[in-house]
Amino acid sequence: MALYKLEDFAGNYGDADFDSYEVRDLDVYSDIDDDKVGTVKHILVDESGHFRYLVVDTGFWFFGRQILLPIGHSRISYSNRRVYAIGLTKEQVENLPDFNDLEHVDYDYEERVRGVYRTPVRQEPLNTSTPVETSTPLDAPPASSDRARVTPDRNTYTYEDEPNLYDMNQQDHQNLKLYEERLVANKSRVKTGEVSVGKHVETETARVAVPVEKERVIIERTTPNEAGRTVSSAEANFREGEVTRMDIYEETPDIQKEAVLREEVKIKKVVEQDTVEAEGTVRREELDVNTNDERLH
């Protein structure tokens with residue numbers, strides 16, 4: 001059973017605490033002898049927001065100590081702005097464990113606290129103002145369920161098992177509260193889509209024109225000017241199988257591929273603002289006054 005400080009549990013706790021009165025920093029008095037016990041420092045609630053304890057700084061009785069006062073053992077006097085600890089004695093305060101922080105408050109710690117308040121105190125309290133938070137009197141006979149359960153079971157124990165410690169009696173608390181609903185607009189960031197930018201390779205046929213040179217042989221047969229002239233046998237050198245050779249060259253294209261940077265793509269996103277209007281049906285409580293006295297009409 002986790003406990004929380006009211007100011008941490010609900011930011012608007014001022015609208016939810018005791019009849020819209022701020023209880024913190026109110027002085028706490030014993031209803032037995034009207035001695036000042038200390039000051040309320042915090043209000044502890046459970047996971048459902050129900051009040052369970054008042055954290056009391058006992059600076060007047062025991063300087064520097066803070067203790068837990070079950071809500072069922074407290075009542076408030078609005079006339080003098082006091083919180084009365086029902087049946088609280090100095091002996092009980094001495095036996096209560098110190099409250100330092102919530103991290104050390106577990107079932108065993110609360111059992112130590114409850115064990116102190118379960119001890120009956122048979123003293124007549126002072127006649128104070130009408131309580132708005134009270135519990136079953138300490139000297140009242142325990143309920144049948146309380147008598148049957150001597151040792152609480154940590155696995156099944158709930159605050160409702162001991163109403164004399166944790167109930168807030170509304171018998172004299174007759175204020176009627178009117179509520180109304182209102183629309184609260186919140187924003188949440190949700191994913192609406194995704195853009196994927198990638199690249200792929202396309203293949204195409206490229207053409208390039210390269211001028212090349214080729215060599216070819218041209219054979220010309222001509223008649224010399226001295227044609228018909230008689231030559232000597234030494235000049236007329238007849239050689240069988242004489243061959244004249246000439247190399248012929250031509251150019252061939254050498255085509256290669258190289259990669260070059262063609263383009264760069266930059267990707268970014270921008271935020272656009274838009275106004276979305278929403279409407280809903282809200283309810284509000286109004287006060288109806290019915291009377292049988294015709295003079296009031």
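Buried here means under 20% relative accessible area, exposed means over 50%, and partly exposed lies in between, with a 1.4 Å probe and protein chains only. Accessible areas come from the Shrake-Rupley method with a 1.4 Å probe, and for residues only the protein chains shown count as cover.

A word on the source. This is a predicted model, where local features need pLDDT of at least 70, side-chain atom pairs count only at pLDDT 80 or more, and totals for chains, interfaces and linings use all residues. Residues are numbered from 1 along each chain as its sequence is written, and side-chain values use heavy atoms, with hydrogens and water left out.

Now the fold. The chain has 5 helices and 7 strands. Starting at the N terminus, the order is β-α-β-β-β-β-β-β-α-α-α-α. Helices (H or I, at least four residues) and strands (E, at least two) are DSSP runs, numbered from the N terminus.

Next, salt bridges. The count is 16. The rule asks for a side-chain nitrogen of Lys or Arg within 4 Å of a carboxyl oxygen of Asp or Glu.

Start with R75 and D31. Their side chains form a salt bridge at 3.5 Å, N to O. R75 sits in strand β6 (residues 74-77) and D31 in the loop between β2 (27-30) and β3 (36-45), so this pair ties together parts 44 residues apart in sequence. Are these two buried or exposed? Both R75 and D31 are buried.

Then look at R118. What does R118 pair with? One partner is E111, at 2.9 Å, N to O. Another is E162, at 2.7 Å, N to O. E162 lies in the loop between α4 (144-148) and α5, and R118 in helix α3 (residues 107-118), so the pair ties together parts that are 44 residues apart in sequence. The accessibilities are as follows. E162 is buried, with a relative accessible area of 5%. E111 is buried too, at 17% relative accessibility. R118 is partly exposed, at 31%.

On to backbone angles. Most residues other than glycine have a negative phi. Which residues have a positive phi without being glycine? D34 is one of them, with phi near 60°. D34 lies in the loop between β2 and β3. At 31% relative accessibility, D34 is partly exposed. R81 is another, with a positive phi of about 55°. R81 is in the loop between β6 and β7 (82-85). R81 is also partly exposed, at 32% relative accessibility.

Now the surface. V195, V197, V265 and I267 make a nonpolar patch of about 450 Å². Patches take residues with over 30% relative accessible area and no salt bridge; like charges are joined within 9 Å, and nonpolar side chains (Val, Leu, Ile, Met, Phe, Trp, Tyr) within 5 Å. I267 is in the segment after α5 (163-166), and V197 lies in the segment after α5 as well. I267 is exposed at 60% relative accessibility. V197 is exposed at 53%. How far apart are V197 and I267 in sequence and in space? They are 70 residues apart in sequence and 8.4 Å apart in space, C-alpha to C-alpha.

Last, the pockets. Rolling a probe the size of a water molecule over the atoms shows where empty space is left. On a 1 Å grid over the protein atoms alone, a pocket is an open set of points where a 1.4 Å probe fits, with protein on both sides within 12 Å along at least five of seven lines; lining residues have an atom within 4 Å of a point. Grid points are joined across faces, edges and corners, and a volume is the space filled by probe spheres set on the points.

The largest pocket has a volume of about 910 Å³. Its lining has 21 residues, with R189, V190, T192, V270 and V271 nearest the centre. By class, that lining has 8 nonpolar, 6 polar and 7 charged residues. Ala, Val, Leu, Ile, Met, Phe, Trp, Tyr, Cys and Pro count as nonpolar, Asp, Glu, Lys and Arg as charged, and the others, Gly among them, as polar.

The second largest pocket holds about 590 Å³. Its lining residues include K199, H200, E258, R262 and V265. The classes there are 4 nonpolar, 2 polar and 6 charged. V265 is a member of the nonpolar patch too.
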